[in-house]
Amino acid sequence: RIARLTPIARDARWERVPVDAQRDLKLAILDVLMGRAPRNLWLHGVPGAGKTTAVRAAVDEATAQGAAALYLPMLDLVAETRNGYAFDDSRARAHAMWTTARDVQFLAIDDLTAAMRAGADDLRGKLQELLDARERLRVPTVVADNTSLIGLRAAGYDERLCSRFGAFATLDFGRVDHRRQS
């Protein structure tokens, strides 16, 4: 069942990551995987900058390096968790998703603030628990989001949540929407 949580598309290859971000991202991901850099990484940039493709490629890279890796669109986790409030089978799937996200060796979370903007404030505590557990386990987490860490605080996100990202290194994907250039 957990395999469906990693919908890595065929096109999730480094070659599809915008050229200007490829080298920096590859080095950052490899440094995280090898323990040579901060364990956590926050990728940010405009929609279409290549963040999702990059984290999917990073999950593939982590898997190729022998790590158990998970790509997790945050909105999927929110939807499954909310379904779990009403349906027993969804509750079990939501529990499995949160447990896997907590324990997996390499986690890539996509669109975290979109989930929060979609009214997932009720899940903030679970997200804080997830990030705290991953920090205790000392396993890498990569977040891809349109919002920078500075923007997260400026937008008024809960300080307790923002503080969980204080130890994250950041990588700016820039302001170019590569989908519009294709």
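Leaving aside neighbours within four places in sequence, which residues is Phe165 in contact with? They are Trp42, Leu112, Leu131, Val143, Leu149 and Leu152, where contact means heavy atoms within 4.5 Å.

## Basis of the model

This is a predicted model, in which local features need pLDDT of at least 70 and side-chain atom pairs count only at pLDDT 80 or more, while totals for chains, interfaces and linings use all residues. Residues are numbered from 1 along each chain as its sequence is written, and side-chain values use heavy atoms, with hydrogens and water left out.

## Overall make-up

The protein has nine helices and five strands. These are DSSP runs numbered from the N terminus (helices: H or I, at least four residues; strands: E, at least two). From the N terminus, the order is α-β-α-β-α-α-β-α-α-β-α-α-β-α.

Of the 182 residues, 47% are buried, that is, under 20% relative accessible area with a 1.4 Å probe, protein chains only. Among contacts with a separation of 6 or more, 81% join residues 24 or more positions apart.

## Nonpolar cores

A nonpolar core is a set of buried Ala, Val, Leu, Ile, Met, Phe, Trp, Tyr and Cys residues joined through side-chain atoms within 4.5 Å. The largest one has 27 residues, and Trp42, Leu107 and Phe165 have the most contacts inside it. Elements that each supply at least two of its residues include strand S2 (69-73), helix H4 (88-103) and helix H6 (124-137). A second, separate core has 18 residues, among them Leu43, Ala49, Val55 and Val59.

## Thr147

Thr147 lies in the loop between strand S4 (141-145) and helix H7 (149-154). Because its relative accessible area is 17%, Thr147 counts as buried. Not counting residues up to four places away in sequence, Thr147 touches Trp42, His44, Thr113, Arg117 and Leu152.

Terms used: Buried means under 20% relative accessible area, exposed over 50%, partly exposed in between (1.4 Å probe, protein chains only).
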